[in-house]
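This briefing covers a predicted model.

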Amino acid sequence: MSRELPRALIRNSFNILGLSPSASLKEIRKRSQQLLQMEKIEETQEFDTDIGNVRKFRNENEIRLAFERLSSIKERIKELFFWFDGHNIENQKFISLISKKKYQEAIDHLESTEKNSIDWLDYKNLGLALMYQAFAFSSIISFSRSLGIWHYLLESEDFWICYEKNYLL
């Protein structure tokens, strides 16, 4: 039985605005304005990457807050860390599966591509996917695997070098 994901995961600014982590400040501003205009006429836009019941959080206050968080370098880094990196076509497929609540299929997809070449951001995505699966299905096994990946990433100098390089920190 699938459960609702925690608000902290759903309310990620990239999810609220329906943007990828590579979005520029100009794109963030434009999307925020677009969503605020829709909110004025009581409409909500859906995106292929929507995860969880984000539509219920896509309101004026949350849109403004998401814009503020992504406009601040310090806050943006926090949002980036707990969001999916879609830096290639395979990852975009993976994110689409997550948004359709096909967690295991997304995990299998990422693990099969991971065997060919390790990518630290893919590994971070895997940790996130396992965390989402753990919450959605109350899976201790997924939660444990997710924690193991996060521990490995946090302790790895190579991950931090990759992370800094990817996000130009």
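F159 is buried in this predicted model, because its relative accessible area is 0% and the cut-off for buried is under 20%.

**Aromatic rings**

- A pair of aromatic rings is described by the distance of the centres and the angle of the planes.
- The structure holds 17 aromatic pairs.
- One of them joins F81 and F82 in an edge-to-face arrangement, with 5.0 Å centre to centre and 85° between the planes.
- F81 is buried, with a relative accessible area of 12%, whereas F82 is partly exposed at 39% relative accessibility.
- F81 also pairs edge-to-face with F159, at 6.3 Å centre to centre and with 70° between the planes.
- Ring pairs join F81, F82 and F159 into a cluster with W120, Y123, W150, Y152, W160 and Y163.

**Helices α3 and α4**

- Two packed helices are described by the angle between their axes and the distance between the axes.
- The axes of helix α3 (residues 25–40) and helix α4 (residues 60–71) come within 10 Å and cross at roughly 175°.
- This angle is over 145 degrees, so α3 is roughly antiparallel to α4.
- On the α3 side, the contact is made by L25, I28, R29, S32, L35, L36 and E39.
- On the α4 side, E60, I63, R64, F67, L70 and S71 take part.
- By class, this contact of α3 with α4 has seven nonpolar, two polar and four charged residues.

**Helices α8 and α9**

- Helix α8 (residues 120–137) and helix α9 (residues 140–155) have axes that come within 8 Å and cross at roughly 150°.
- These two helices, α8 and α9, are therefore roughly antiparallel to each other.
- The crossing of α8 past α9 is left-handed.
- From α8, the contact residues include W120, Y123, L126, L130 and M131.
- From α9, they include F143, I149, W150, Y152 and L153.
- The contact of α8 with α9 divides into 12 nonpolar, four polar and two charged residues.
- W120 and Y123 of α8 and W150 and Y152 of α9 are in this contact, and these four residues are also among the members of the ring cluster.

Terms used
Residues numbered from 1 in each chain as written. Predicted model: local features only at pLDDT ≥ 70, side-chain atom pairs only at ≥ 80, totals over all residues. Heavy atoms only, no water. Phe/Tyr/Trp six-rings, centres within 6.5 Å; stacked < 30°, edge-to-face > 60°. Buried < 20%, exposed > 50% of the residue type's maximum accessible area, 1.4 Å probe, protein only. Axes fitted to C-alpha atoms, helices over the stretch in contact; angles between N-to-C directions. Helix = DSSP H or I, 4+ residues; strand = E, 2+ residues; numbered from the N terminus. Parallel < 35°, antiparallel > 145°, perpendicular 65-115°, else oblique. Contact = heavy atoms within 4.5 Å. Nonpolar A, V, L, I, M, F, W, Y, C, P; charged D, E, K, R; others polar. Left-handed = near helix turned anticlockwise from the far one by under 90°.
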